[in-house]
Amino acid sequence: MASARADDDHQGGSDLVEQAVQQATFSMSVFDIEQRYRRLNAVACQVMGVEEDVLLGQVFPYGVPADVEQLGMLAALRNVAETGKPTHYESFTRAPSGIREHAWNLELWPVRDASGEVCAVGMAAFDSSEQHWARQRLAVLDEAAVSIGTSLDLDRTAQELADLVVPRFADFASVDLLEAVMRGDEPADAGPDGEVVLRRLAHATGTDRRPGAVLGPGATDTYPPYSPPARALRTGQAVLSHSGAPDFDRWMASAPVRAESLRGIVVTSLVAVPLIARGTTLGVAVLLRTRPDVFNEDDYVLAKELASRAALSVDNARRYTRERGTALALQESLLPRGPSRQSAVDVASRYLPTDSTAGVGGDWFDVIPLSGARVGLVVGDVVGHGIQASATMGRLRTAVQTLADVDLPPDELLAHLDDLVLRLAADDDSATGGDRVAVGATGATCLYAVYDPVSRELTVASAGHPPPVLVMPDGETRVVDVSVGPVLGVGGLPFETTEVQLPEGTLVTLFTDGLVEAAERDPDLGIALLARTLAAGHSTGASLEDRCDKVLAALLPTTRPGDDVALVLARTRALDAGQVRVWDLPADFEVVAEARRRAVAQLEQWGLDEAAFVTELVVSELVTNAIRYGADPIQLRLIHDRTLICEVSDGSSTSPHLRRARISDEGGRGLLLVAQLTTSWGTRHTRNGKTIWAEQALT
């Protein structure tokens, strides 16, 4: 009786186990040691897509389509049968009965008989697709945090988004921006029925290169209002679509090129996500799939999150591009344009803005015509970047031009410029309550040189700036031994001048530190490389323009350096003795007539008879003033250059002033006539007094 009850219990237990196996919510299978099917539950049969009796006795991978990966699974079955050890196996493939890919977690264990020998292998397969895709979405978000927005380049930022999602998340992706946004303007509302013009920034296609891109980077296209991209822009919401949807098919049919690119391809799912940052709609990202798996709700959320992050990076890049363009335009408007109106030096120059994310810097250069056929050569660098640095550069350049116009010597000019920087720093600090770093705190360097083609002398002063490099007519190079003063804005310290006698044809090279310190090079090594490059250019007889290009190619690692670069090459010219006449005059009014006579005679020798009348008046007025108000020694000098220059020097530092004489005054009108009859006139102070000069144009 007890034995019968035990048999019944055993039979009931077997039935219970069988019911549990059959009703399990996951796939369960049993294989013998030769990998033949011995048992499958209902879920396993659903996965395989065939009935159990079809598979029983067949060797795995019987029943598995050829395009479904099965080698790893077969190896796992054999391993358990041979070793008797359980194993865990993961795969990502579609089920034989379906088209959608799944992630599978498989547990395989040995089944032993009464003697302990392995007689079969049990397998339980769990569909972990949701967990797999959740991990993938988190991985994409983690990667997005470090891979999107690595630079402030607009095109690169868009390409980073496209490359991130293809092929792991989509089979094709494109990033398009509104035309107004590309121009830096605020986009206008197209209205419910308006077409949208978008410019392609970037796209990416899967490994099979299908579907291909219709637009190339930089190209524009017009999207009808019913198309998914236009709807996404208009509503500010992501739009889902696919092949077979009325609006999608209508959109494809409206553009034959787009329709042709999708010939033979079924878009199983498409999502158009607007790029919105700081309340501004910038454009749209379009992601599409041709794979069986369509975008689900979780993918939809991920796409919106990626678009939000990318939009912020794109907007940062757009704002930077706009600010950098503004700074470049400001800086370029402040730099010299075309050849200067002087003949003392032949000049070639280059300016390269930085490629740094900090923005455009404050480097500048200038070639300033001075009285007496001289020329001022300037190069400077405001430390810092951005619009503030460019604006400060503009103020300093204007100040240098103004100070040079009154013919201040280089050391005095830098002293006045130093005071100006201190005042600018104080004004900025006062205006911002001390929140903004002052100009003087960041610093500015400047080198000012004056070359005189008559004396052939170069006078240089430096405020913390690298010295000029000279290439002599015989090809020898040397660095001018300049006494370098403090950077501008320190205040209270003097500047010194250095005078160098130059033979005609000497090449004077001025530059900013971005040239010699490129690629983190030691400045001394950079200057030595500059000297060698200049010497090599001299031996080949290259033009100044070619030598500028060769210097940049030799010293800069790329065409877009890490700091602004300014370079000026000036080849000196000289006025020979036949172009200059000098007379020392006694302080006697009787010499005025003799001075006029000598001047007219000299003009006849130069063939400038048409200038005799004005020259007589100028010589008479200036010599008379020097005798009456000046001091010995008095000197008259005529210079025949591109203009005719008349100079009268004396030993007094008192400058004349232009005034309007009253009707009752017996004098005071001569200097006014000089100003009206000449193109320009002025005063410059010298070590021994002053020089009054007037310049006439020569037809």
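Tutor: The protein chain contains 20 helices and 27 strands, where helices (H or I, at least four residues) and strands (E, at least two) are DSSP runs, numbered from the N terminus. This is a predicted model, in which local features need pLDDT of at least 70 and side-chain atom pairs count only at pLDDT 80 or more, while totals for chains, interfaces and linings use all residues. Residues are numbered from 1 along each chain as its sequence is written, and side-chain values use heavy atoms, with hydrogens and water left out.

Student: What pLDDT does the protein chain average, and what share of the residues score at least 70?

Tutor: On the scale of pLDDT (the predictor's confidence in each residue, from 0 to 100), the chain averages 85, and 88% of its residues score at least 70. Residues 435-441, however, have a pLDDT below 50, although this stretch has twelve contacts (heavy atoms within 4.5 Å) beyond near neighbours in sequence. Residues 661-667 are also below 50, with seven such contacts in the model. Where pLDDT is low, the predicted coordinates should not be read in detail.

Student: Why does Pro-224 count as buried?

Tutor: Buried means under 20% relative accessible area, exposed over 50%, and partly exposed in between (1.4 Å probe, protein chains only); Pro-224 has 11% relative accessibility, and therefore counts as buried. Its place is in the loop between β8 (220-223) and α8 (228-235), and, leaving aside residues up to four places away in sequence, Pro-224 touches Glu-195, Ala-230, Trp-251 and Ser-254. Ser-254 lies 30 residues from Pro-224 along the chain, yet their C-alpha atoms are separated by 8.6 Å. Across the protein chain of 699 residues, 49% count as buried.

Student: What makes the 61 residues of the largest nonpolar core a core?

Tutor: A nonpolar core is a set of buried Ala, Val, Leu, Ile, Met, Phe, Trp, Tyr and Cys residues joined through side-chain atoms within 4.5 Å, and in the largest of them Leu-287 and Leu-306 have the most contacts inside the core. Helix α11 (residues 297-334) supplies the largest share of this core, nine residues. Another core, of 29 residues, lies apart from it and includes Val-592, Leu-603, Leu-644 and Ile-692.

Student: Why is the passing of α18 and α19 called a right-handed crossing?

Tutor: A crossing is left-handed if the near helix is turned anticlockwise from the far one by less than a right angle, and right-handed if clockwise, and α18 passes α19 in the right-handed way. The axes of α18 (residues 591-606) and α19 (residues 612-629) come within 9 Å and cross at roughly 145°; such axes are lines fitted to C-alpha atoms, for helices over the stretch in contact, and angles run from 0 to 180 degrees between N-to-C directions.

Student: How many residues of each class does the contact of α18 with α19 have?

Tutor: It has ten nonpolar, three polar and two charged residues, given that Ala, Val, Leu, Ile, Met, Phe, Trp, Tyr, Cys and Pro count as nonpolar, Asp, Glu, Lys and Arg as charged, and the others, Gly among them, as polar.

Student: Which residues of helix α20 are buried, and what covers them?

Tutor: In α20 (residues 670-677) the buried residues are Gly-670, Leu-671, Leu-672 and Val-674, and what covers them includes α19, β26 (680-686) and β27 (689-697).
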